Amino acid sequence: MIPLLIVITFSSFMQTFGQISLKLQYCSFFNNRAPKPQPSLKNCTWFRENSCCMQEEIDATFGRVKPLVGASPDCLRYTNYLMCYICDPLQDKFYCRERLTVCEDFCDSWYQACGSAILKGSIINSLYTNGGNFCESRSFLVEQNTDTCFRVDSALDSINSGNSLQNGIGLLIIGSLIFCKHLMFMN
């Protein structure tokens with residue numbers, strides 16, 4: 001009788017609690033530390049409530065990459081989004097083994113926004129045939145649009161496509177753009 005009671009109790013427990021998925025967030029870019037509020041973020045501000053990065057790390061990272069010559073405001077905006085992946089509390093889904101996986105639709109949008117900018121002395125549209133090629137040339141893995149690749153929330157993009165990104169774009173223009181060791185425009 002007792003073994004049956006244990007089975008029923010365990011079964012009831014699994015029915016009640018087994019469907020609860022506890023997903024701990026961790027910051028794979030920063031040695032798996034936990035994200036926390038960062039109210040002083042000047043860029044990547046949409047991550048203030050729960051962030052993997054601190055302002056000092058943004059300053060250090062963003063200071064290493066030079067802006068593209070002829071970059072449009074849309075190009076700067078998409079570049080800023082991409083650079084802010086280091087603050088995303090869900091980065092463990094798309095940053096693994098020191099490699100960023102980017103969704104193909106983001107690559108296409110970024111490529112379209114930056115197509116007329118100059119990289120390595122040539123116009124980006126003449127160097128690459130599509131967004132996937134562009135992202136791969138920046139050493140990113142490219143995936144079809146899944147939950148395991150970096151993308152920008154469309155609500156965030158529609159909110160920030162106007163003037164609300166002035167702070168971030170200002171940092172991109174005034175300071176040199178950055179982006180961690182494997183990133184974008186470094187030779």
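Reader: Why is C52 called buried?

Author: Buried means under 20% relative accessible area, exposed over 50%, and partly exposed in between, with a 1.4 Å probe and protein chains only. C52 has 1% relative accessibility, so C52 counts as buried. C27 counts as buried too, because its relative accessibility is 0%. This is a predicted model, in which local features need pLDDT of at least 70 and side-chain atom pairs count only at pLDDT 80 or more, while totals for chains, interfaces and linings use all residues. Residues are numbered from 1 along each chain as its sequence is written, and side-chain values use heavy atoms, with hydrogens and water left out.

Reader: What makes C27 and C52 a disulfide?

Author: A disulfide is a pair of cysteine sulfur atoms within 2.5 Å, and the sulfur atoms of C27 and C52 are 2.1 Å apart, S to S. The torsion about their S-S bond is about -85°, so this disulfide is left-handed. The structure holds six disulfides.

Reader: Which hand does the disulfide of C53 and C87 have, and why?

Author: Their sulfur atoms are 1.8 Å apart, and the torsion about the S-S bond is about 90°, so the disulfide of C53 and C87 is right-handed. C53 lies in the loop between α1 and α2 and C87 in the loop between α3 and β1 (95-96), so the pair ties together parts that are 34 residues apart in sequence; here helices (H or I, at least four residues) and strands (E, at least two) are DSSP runs, numbered from the N terminus.

Reader: How do you know that W46 and Y81 form an aromatic pair that is edge-to-face?

Author: A search of the whole structure finds 16 aromatic pairs. Rings of Phe, Tyr and Trp (its six-membered ring) pair if their centres lie within 6.5 Å, and planes under 30 degrees apart count as stacked, over 60 as edge-to-face and the rest as tilted. For W46 and Y81 the values are 5.6 Å centre to centre and 70° between the planes, which is edge-to-face. W46 is partly exposed, because its relative accessible area is 25%, whereas Y81, with 2%, is buried.

Reader: Why is the pair of W110 and F134 called tilted?

Author: Their ring centres are 4.5 Å apart and their planes stand at 45°, so the pair is tilted. W110 lies in helix α4 (residues 104-114) and F134 in helix α6 (residues 131-137), 24 residues apart. Both W110 and F134 are buried.
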